[in-house]
Amino acid sequence: MKNEKKKVIAFIPVRGGSKSIPLKNIKKMNGRPLVYWAIDAALQCEHIDEVYVSTDSIEIENSISCYDKNHNGKLKCVKRSPENATDTSTTESVLMEFVKEVKSNEIVLIQATSPLLQAKDLDAAFKKFYLNNFDSLLSLVRQKRFVWRENNNETVHPVNYKVESRLRRQDFDGYLVENGAFYISKYDAVIESRLRISGEIGHYEMPEETYVEIDEPEDWLIVEEILRKRVTQTSKKTILKPGKIKLFATDCDGVLTDAGMYYSDAGDMLKKFNTKDGMGLSMLKNNNIILAILTGENTEIVKKRAEKLGIKEVYLGCKDKVAAMDKLLDKYNLSYENVAYIGDDINDLELLKKVGYSFSVADAMQIVKDSVDYVTLRRGGEGAVREVADLLLLKDGRDNNEFN
């Protein structure tokens, strides 16, 4: 196990230049700069004493300075030299530049392009590293794929199995592949070998889903979806304190509806509502949560929908949603911490920033998604409000429903 006198440093190199995805390392991944996910894992790891982010970019440096977690000086940003910030610079050259300036007992190289890395992975890897007294250890993923190699005559031959005895997937041990998430090494081993890993090398096996590194836009979409689902599952357990929310308010267009404008042959305007959202609102009401609709629209359709759902607090043509909420709080003797609100556009922003818990639908404006506590998996008018209702009631222990 780790000797408490040892100093362990995490090193996260993030370059400003990226041809495939401009400023990739601070581009928003599930609402947060990509590099923040790697920083989270490093700061939360019990074995890491200091976290250094190395960059050549002022924009990235400014983004790191805005990292808003209480890290007690554990997070630091260091300059990366111009000669080690080119398209041809190697990670090893950047690492060697760093270790000459900052000394430690062990160093873990963490790559920002692996946001699926978690502190629990690093903790388990360090325990294995110390227990076995390895010189280095790296993260790997087990792949159960049949690999082929090209011959000079355009034919191919299998590398890891025999054609005449093809294994079933469940009988195949597979092979281990680097996922690039992290590399742990003794400081002296790095200095001597000038490599990120050397000597007796151990491994830590990560889940298969962490195989994808973010190099291309397609990778971004895959990882973001995995991360969103993971964060959703975590949020379902930690999102709220039981009994905190007493009032739930929602926008209408783009939240209770799909934001579409439909017209009948007679020229009548129609709106499409979702029955699952209606059930979710009924569940909240049955659990003594006050319901309200705050919308800039002023149509009879919204009024009728509210009447059908038994929602009495309906503010149509609402241009100042904060003022409307202030009236509701006075009426029910509540405070903003007792309110949950879901919106989708810029006219919702001011209220979203004041309430106890804020939500947006999956297809909300990006500035809104960046500002809220929780982004639903579902789009407006497609069960997003039901998703929030299930989440609130599940956490509060007042209902056992879950969204599927």
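Q: Leaving aside its neighbours within four places in sequence, which residues is asparagine 338 in contact with?
A: Asparagine 338 is in contact with Lys244, Ile245, Lys246 and Leu247, where contact means heavy atoms within 4.5 Å.

Q: What kind of model is this?
A: This is a predicted model, in which local features need pLDDT of at least 70 and side-chain atom pairs count only at pLDDT 80 or more, while totals for chains, interfaces and linings use all residues. Residues are numbered from 1 along each chain as its sequence is written, and side-chain values use heavy atoms, with hydrogens and water left out.

Q: Where does asparagine 338 lie?
A: Asparagine 338 is in the loop between helix H9 (321-332) and strand S17 (339-343). Helices (H or I, at least four residues) and strands (E, at least two) are DSSP runs, numbered from the N terminus.

Q: Buried or exposed, asparagine 338?
A: Asparagine 338 has a relative accessible area of 15%, so it counts as buried. Buried means under 20% relative accessible area, exposed over 50%, and partly exposed in between, with a 1.4 Å probe and protein chains only.

Q: Which value of phi does arginine 194 have, and where is it found?
A: Phi of arginine 194 is near 60 degrees, a positive value in a residue other than glycine. Arginine 194 is found in the loop between helix H5 (187-193) and strand S11 (201-206), and at a relative accessible area of 47% this arginine is partly exposed.

Q: What about asparagine 288?
A: Asparagine 288, again a residue other than glycine, has a positive phi near 65 degrees. Asparagine 288 lies in the loop between helix H7 (275-286) and strand S15 (290-294), and its relative accessible area of 68% makes it exposed.

Q: New topic: how many helices and strands does the protein chain have?
A: The protein chain has 12 helices and 19 strands. Its C-alpha atoms fill a box of roughly 75 × 55 × 40 Å along the principal axes. Of the 404 residues, 50% are buried, and 68% of contacts between residues at least 6 apart in sequence join residues at least 24 apart.

Q: How many disulfides are found?
A: The search of the whole structure finds 0 disulfides, a disulfide being a pair of cysteine sulfur atoms within 2.5 Å. Cysteine 252 is in none, with the nearest cysteine sulfur, that of cysteine 318, 12 Å away. Cysteine 318 is likewise in none, and the sulfur of cysteine 252 is the nearest to it, at 12 Å.

Q: Are those two cysteines buried or exposed?
A: Cysteine 252 counts as buried at 0% relative accessibility, and cysteine 318 counts as buried at 10%.

Q: What is the volume of the second largest pocket, and which residues lie nearest its centre?
A: The second largest pocket holds about 520 Å³ of space. A pocket is an open set of points on a 1 Å grid over the protein atoms alone, where a 1.4 Å probe fits, with protein on both sides within 12 Å along at least five of seven lines; a cavity is a set from which the probe cannot get out, and lining residues have an atom within 4 Å of a point. Grid points are joined across faces, edges and corners, and a volume is the space filled by probe spheres set on the points. This pocket is lined by 22 residues, with Arg15, Lys24, Thr91, Gln111 and Thr113 nearest its centre.
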